[in-house]
Amino acid sequence: MSTLIANGVAHHVQELGPTDALPVVMTHGLVIGSLASWYFTVGPALARTRRVRMYDLRGHGRSARMPSGYDTQTLATDLDALTRDLPAFDLVGHSWGALVALRFALAHPERVRRLVVVEAPIPPASAVELASFLSAKPETILEALPESLKTAVASGRRQAQRLVDSVVYLVRDTTLLADIRAEPDPDVSKLASPTLCLYGDASSCLAGGKQLATSAPHAKLVVLSGGHYLHLDARAEMTEKILEHLGD
């Protein structure tokens, strides 16, 4: 485990794989997510041939709690600071982390070799709907999660309580919900990186994935069996598609 400072915020960072291999950076979703979303799923498979860097977004996991800065522009600036030592790299993001990855790729096309967008909530999927869901009581949020995710993130009473505490902090004591509601739609028509869009056939975000694949000039859509948490619902298939897209 290591801690890197980005924009004055202490970030928990983990790496897997050989340090001299082509780098892949992976970002996770809001509130429920952490670098563990990748560390215990797709990350180890990628690390057989790649240098894989994962980190907890500000306010998440073991990164420092922050009262603000959950918009994709700020989070993309964090990503920039956490990857300045890397040459051009591949970028994989899930959910809000996928929006951060899109924002970063649009701002720094020369630094993103290939992009994988997993379940990004873009129009016609609505960030406002996400904010509404996260406005519910923490217990309601956790109860609405699929069983596979509840098992993965709350396998013990102490771990479950830490998760509840984190949800309470993020939705009540930070600008996270306001940042989500104010988030502008990304202009993906200028996306230069070859982009793989992975979406679940049972996900409410699928229509947005179809729109993304149509609007971005170098994008393709792959629909897998599952919902929003494809790294749990379709881990093997998802890993195969990512490896295929990233190539050598």
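The paragraphs below take the nonpolar cores and then the salt bridges of this predicted model.

In soluble globular proteins, nonpolar side chains tend to be buried together. Here the largest nonpolar core contains 49 residues, and Leu-91, Leu-115, Leu-176 and Tyr-199 have the most contacts inside it. At least two core residues come from each of helix 3 (72–82), strand 5 (89–94), helix 4 (96–107), strand 6 (112–118), helix 8 (157–172), helix 9 (176–181), strand 7 (195–200) and helix 10 (206–215). Helix 4 gives the largest share, eight residues. Leaving aside residues up to four places away in sequence, Leu-176 touches Leu-30, Val-31, His-60, Tyr-70, Leu-134 and Leu-170. Another core, of 22 residues, lies apart from the largest one; Ala-47, Met-54, Leu-198 and Met-238 are among its members.

Side chains of opposite charge can pair when their charged atoms come close. Ten salt bridges are found in the whole structure. One of them joins Arg-51 to Glu-15, with the closest N and O atoms 3.0 Å apart. This pair links strand 4 (residues 51–55) with strand 2 (residues 9–16) across 36 residues of the chain. Arg-51 counts as buried because its relative accessibility, 17%, is under 20%, whereas Glu-15 is partly exposed at 28%.

Glu-15 also forms a salt bridge with Arg-53, at 2.6 Å between the closest N and O atoms. Arg-53 belongs to strand 4 and lies 38 residues from Glu-15 in strand 2. Arg-53 is buried, with a relative accessible area of 5%.

A further salt bridge pairs Arg-84 with Asp-80 at 3.6 Å, N to O. Arg-84 is exposed at 58%, while Asp-80 is buried at 15%. Elsewhere, shared partners join Glu-15, Arg-51, Arg-53 and Asp-85 into one salt-bridge network.

Terms used:
Residues numbered from 1 in each chain as written. Predicted model: local features only at pLDDT ≥ 70, side-chain atom pairs only at ≥ 80, totals over all residues. Heavy atoms only, no water. Core = buried A, V, L, I, M, F, W, Y, C linked by side-chain atoms within 4.5 Å. Buried < 20%, exposed > 50% of the residue type's maximum accessible area, 1.4 Å probe, protein only. Helix = DSSP H or I, 4+ residues; strand = E, 2+ residues; numbered from the N terminus. Contact = heavy atoms within 4.5 Å. Salt bridge = Lys/Arg side-chain N within 4 Å of Asp/Glu carboxyl O.
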